[in-house]
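Colleague: I am new to this structure. Please show it to me, then let me ask how you know what you say.

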Amino acid sequence: AEEYITNWATECLMFKNASKVENPKIEKMVEEYRRSLYIYEYEQSLISQRTPVVIEDTVVRAFYEERKAQMILQEMLIKGALVVVPNEAPNIDQLRKYLKQMTDEESLEWIEKYAYQYALGYELFIDDWKARENVLEFVPLEIIELDKMLGRGKLIEVQDSVNTYFLQMEDYCAVGSVMPFDYARKQIEDNVYRTSNEDFLMDTRKKLYEE
């Protein structure tokens, strides 16, 4: 607390002495910064008031097809499920069985109920891509070890002294491959939305100048 108070008081005193000396350069910088803050907040207000931009699926798809050669993955992506259970959990053989065939509704329902009762950790991401590094945060497995086990529809099982970790890989995309469309979609929509707002602000500036 004393250090905080000392630093605060020193800053006040230094500013008081510094502000006694006229410095046109600083005044100009302050004015420019003040102006840019006002303009930025005004532009954000205009954007929030405009009619929401509706991005058509055809626009997103066309953007993807046109630029997918540049949309290269910098990280591996995985689809599947992760289940962590104690080593002594019951019916582990059945869990293995249902994880290997979890694309059908009955298997998914069984896994959900089992995870609710016994799992220490559970995540289902068969419809959403997840970065490999994010998945491995919860599995005692090195990246190089996982890469050796890769395979679509493959069940990876790791055990330590306490828990058993099941990673069912329904699909994966390697580093250096083209982003899958459903993963790239959010980035494309953000890009189109940002470009639309930039065009809107440029048009607003032009109309204001003409008026």
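Colleague: Which helix gives the largest share of the lining of the largest pocket?

Modeller: H8 does, with five residues. This is a predicted model: local features need pLDDT of at least 70, side-chain atom pairs count only at pLDDT 80 or more, and totals for chains, interfaces and linings use all residues. Residues are numbered from 1 along each chain as its sequence is written, and side-chain values use heavy atoms, leaving out hydrogens and water.

Colleague: What makes a residue part of a lining?

Modeller: On a 1 Å grid over the protein atoms alone, a pocket is an open set of points where a 1.4 Å probe fits, with protein on both sides within 12 Å along at least five of seven lines; a lining residue has an atom within 4 Å of a point. Among those lining the largest pocket are Ile 39, Tyr 42, Leu 201 and Glu 211. Helix H2 (24-49) and helix H8 (181-210) each give two or more residues.

Colleague: Why is Tyr 172 called buried?

Modeller: Buried means under 20% relative accessible area (1.4 Å probe, protein chains only). Tyr 172 has 18%, so Tyr 172 is buried.

Colleague: Where does Tyr 172 lie, and what is Tyr 172 in contact with beyond its neighbours within four places in sequence?

Modeller: Tyr 172 lies in strand S4 (residues 163-173). Contact means heavy atoms within 4.5 Å. Beyond those neighbours, the partners of Tyr 172 include Met 76, Trp 129 and Leu 150. Leu 150 is 22 residues from Tyr 172 in sequence and 8.3 Å away in space, C-alpha to C-alpha.

Conventions. Buried means under 20% relative accessible area, exposed over 50%, partly exposed in between (1.4 Å probe, protein chains only).
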